[in-house]
Amino acid sequence: MDITVVIVLVIVTALAFDFTNGFHDTANAVATSIATGAMKPRTAVLIAGILNLVGAFLSVQVAKTISSGLVDDTKITPTVIFAGLVGAIVWNLLTWLVGLPSSSSHALIGGLIGATWVAAGADAVKFASLVGKVLLPAVLAPIIAGVIALIATYLAYRITARGAKGTVTKGFKLGQIVSASMVSLAHGTNDAQKTMGIITLTLITAGALPPDAGPPFWVIIASGLAISLGTYAGGWRIIQTLGMRVSAIETPQGFAAGTSTATVILTSSHLGFPLSTTQVATGSIFGAGAARGAGTVHWGIGGQVAFAWLLTLPTAAAFGAVAAWMADTGPVGTIIVALVLLGVAGGIYAASRRRPVTADNVNDLPAPSAPVDIAA
């Protein structure tokens, strides 16, 4: 298959992943604001989409980590990157279908590593960088975010304890709009860069860019637009899980969770860590919920979410490995992988229509006082 065709295929697939990243992670920014009524659903995702686009222009440090910090670009081809993207997209769609806030970032990294391992061997994977810049932050970030949100929520209730309830609620709703906007900006800064990094890596492996090059301007624009459009599409299933099924979120909690999430993500973006915004946001929401007492949090959902986190890297890697094995057989294999991806995506979309969750009914499910099966 002509290398130009392969490059175009990879770029299109990367932008498709970016779109799924957008609607998969919309909940990170707006779930609590929608749950408390601080913003209407469509308004929330519109603001989030716009700020995701703006955030994409603020930094390229994470993009450089993805393009040159995880795998040896001299040992892989654009076809390998395509296979890794397929693994990431399949995992994103499966977890979206059941409403699980898994990590799009780890899905992408897992898919890329699995495909690279099969195609070029374990030596092509930079395991030291994987541990230092991916696995360690994955463990620490949600804990840090949760603790910050817990403390911030406690202080918010203490400081406003004697205030008029209506005034306090109105003030925190305004604060939630600000904090949700900052999370959206942070999400664009961190997550859009991952697609920038993948496209840049593709251009480097094809010889179109020199090693260690940063993303070209057109790559930044395309990635920012794709993730912002995905965000506006609204990942209503995951918004419902984080906003309504984790805990009965009140406005001080929503403000504290959003502020904690934005702080951790913006810091990690500055340091070049491809952090999971989903893990940070989820940790913040659980921390904010626990501040009103452990009994107010539905820990069963927390267990399901944590299990999905543990599965993300290895499962996406397995999907990417299978796709790489098939694509490595030649042009026919690559075409088969592309057709399978389209078939899986179509099947998942059809399954989602059996129980649609939209902007109109996202708030219909009350926060649980007893365990709820999120896949029901």
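This is a predicted model: local features need pLDDT of at least 70, side-chain atom pairs count only at pLDDT 80 or more; totals for chains, interfaces and linings use all residues.
How are H1 and H11 oriented to each other, roughly parallel or roughly antiparallel?

Two packed helices are described by the angle between their axes and the distance between the axes. H1 and helix H11, which covers residues 277-290, pack at an angle of about 25°, and their axes lie 8 Å apart. Angles under 35 degrees count as roughly parallel, and H1 and H11 are therefore roughly parallel to each other. Their crossing is left-handed.

Helix H1, made of residues 3-36, also packs with helix H4, made of residues 78-97. The angle here is about 25°, with the axes 9 Å apart. H1 and H4 are therefore roughly parallel to each other as well. The crossing of H1 and H4 is left-handed.

Another place to look is helix H6, which spans residues 127-159. Leu-135 lies in this helix. Is Leu-135 buried or partly exposed? Its relative accessibility is 34%, so Leu-135 counts as partly exposed, since that term covers values between 20% and 50%. From Leu-135 to Ser-102 the separation is 33 residues in sequence and 15 Å in space, taken from C-alpha to C-alpha.

Ile-148 also has its place in H6. With a relative accessible area of 35%, Ile-148 is partly exposed. Ile-148 belongs to a nonpolar patch on the surface, whose members include Leu-136, Val-139, Leu-140, Tyr-154 and Ile-159. Together, the residues of the patch have about 1100 Å² of accessible area.

Note on methods. Residues are numbered from 1 along each chain as its sequence is written. Side-chain values use heavy atoms; hydrogens and water are left out. Patches are made of residues with over 30% relative accessible area and no salt bridge: like charges are joined within 9 Å, nonpolar side chains (Val, Leu, Ile, Met, Phe, Trp, Tyr) within 5 Å. Accessible areas come from the Shrake-Rupley method with a 1.4 Å probe; for residues, only the protein chains shown count as cover. A salt bridge is a side-chain nitrogen of Lys or Arg within 4 Å of a carboxyl oxygen of Asp or Glu. Helices (H or I, at least four residues) and strands (E, at least two) are DSSP runs, numbered from the N terminus. Buried means under 20% relative accessible area, exposed over 50%, partly exposed in between (1.4 Å probe, protein chains only). Axes are lines fitted to C-alpha atoms, for helices over the stretch in contact, and angles run from 0 to 180 degrees between N-to-C directions. Angles under 35 degrees count as roughly parallel, over 145 as roughly antiparallel, 65 to 115 as roughly perpendicular and the rest as oblique. A crossing is left-handed if the near helix is turned anticlockwise from the far one by less than a right angle, and right-handed if clockwise.
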